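Reader: I am new to this structure. Please take one part and walk me through it closely.

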Amino acid sequence: MPGGVPSKRRRRGHRGWPVRWSDARERALTDFARWCDDNGWTAAFYGIEADLAAHLAPQGWGTLPVAEDADFDPRTWTTSGKKKQDVRTAVNKARREGITATWSSWQDLPVSTVRQIEAISEEWVAERELPEMGFTLGGVDEMRDPAVRTLVAQDAESTVLAVTSWLPSHREGRVVGWTLDVMRRTEHAPNGVMEFLVASAAEQMRDDGVERLSLSAAPLAQVSAPDAPADGVQNLLELVGGVLEPVYGFRSLLRFKQKFGPELHPLVLAYPDPVALPSIGIAVVRAYLPDLSFRQAVAFARGRG
């Protein structure tokens with residue numbers, strides 16, 4: 001977050017790791033922070049693993065929880081068990097109704113399917129009063145990336161009911177995991193269609209021998225409240241989450257992800273000095289809502305947005 005403004009994310013690596021190679025991460029964090037300081041900038045790491053952030057603690061850095069990441073190993077995926085009853089019911093219902101799930105790159109989708117997905121996405125954005133987010137949620141532009149995969153739910157008449165997209169994780173030149181990014185559905189899609197799509201993705205990855213399926217982090221949503229007392233920036237993050245919740249439903253999204261029995265991993269904001277927290281907070285607001293002006297972001301951070 002040099003200069004207080006984080007760049008638009010592209011989640012290509014493992015959760016919470018801003019650097020791909022494990023033996024380079026710790027040094028990369030400290031070297032980047034030092035480079036920012038040498039240039040008069042303030043570095044902050046948003047949404048990184050708590051264990052990774054701990055390496056900055058000896059240098060006086062603090063942390064705040066910002067999200068819960070959720071993932072599991074699809075090689076052992078099954079819908080059996082009481083905890084996955086909702087998922088199992090949704091899958092069985094979708095199959096009875098003739099709904100299918102197609103795993104494909106954007107370029108290989110039929111033109112008619114692409115047009116329907118674009119229309120669904122435009123409708124989804126139009127229904128929201130806030131600008132489309134570009135920091136933790138992707139859109140159609142990201143779906144067009146040849147490396148990304150889409151999973152499309154269609155009825156017997158090839159009408160698109162819902163779509164998800166998945167970002168790849170690589171190790172030694174091969175895909176070892178996929179991370180859920182875009183989730184869109186039509187207004188008239190049957191209940192349970194998203195559960196059906198995620199379960200279908202797990203089956204696809206199980207068949208492909210993929211090691212990790214990430215449901216991604218639900219930003220500004222946590223299973224439990226942080227142990228540390230709330231301070232100014234924590235209150236700000238809660239404010240941001242509260243304003244965005246009715247529009248994007250992060251907390252309900254986290255509850256949705258728990259249906260699949262994932263492991264949960266806390267992600268944190270790491271900051272070098274409490275004095276920098278107000279400017280970091282404004283940067284976070286501007287990252288989530290990039291179309292806001294600086295004046296609007298400041299007003300929002302003060303609770304007037």
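Author: Two strands pair if DSSP finds at least two bridges between them. Strands (E, at least two residues) and helices (H or I, at least four) are DSSP runs, numbered from the N terminus. This is a predicted model: local features need pLDDT of at least 70, side-chain atom pairs count only at pLDDT 80 or more, and totals for chains, interfaces and linings use all residues. Residues are numbered from 1 along each chain as its sequence is written, and side-chain values use heavy atoms, with hydrogens and water left out.

Now to strand S6, residues 174-185. Its partner is S5, residues 160-171. The two run antiparallel, joined by 9 bridges. Pro168 stands opposite Trp178 in S6. S5 and S6 make a hairpin, with 2 residues between them. In that turn, Glu172 has a positive phi of about 55 degrees.

How many of the 12 residues of S6 are buried? The count is 9, so the strand is largely enclosed by the rest of the structure. Buried means under 20% relative accessible area, exposed over 50%, and partly exposed in between (1.4 Å probe, protein chains only).

Arg174 is partly exposed, at 45%. Arg174 also forms a salt bridge with Glu211 (a side-chain nitrogen of Lys or Arg within 4 Å of a carboxyl oxygen of Asp or Glu). Their closest N and O atoms are 3.3 Å apart. Glu211 lies in the loop between H6 and strand S7 (212-219), so the pair ties together parts 37 residues apart in sequence. Glu211 is partly exposed too, at 23% relative accessibility. A search of the whole structure finds 13 salt bridges.
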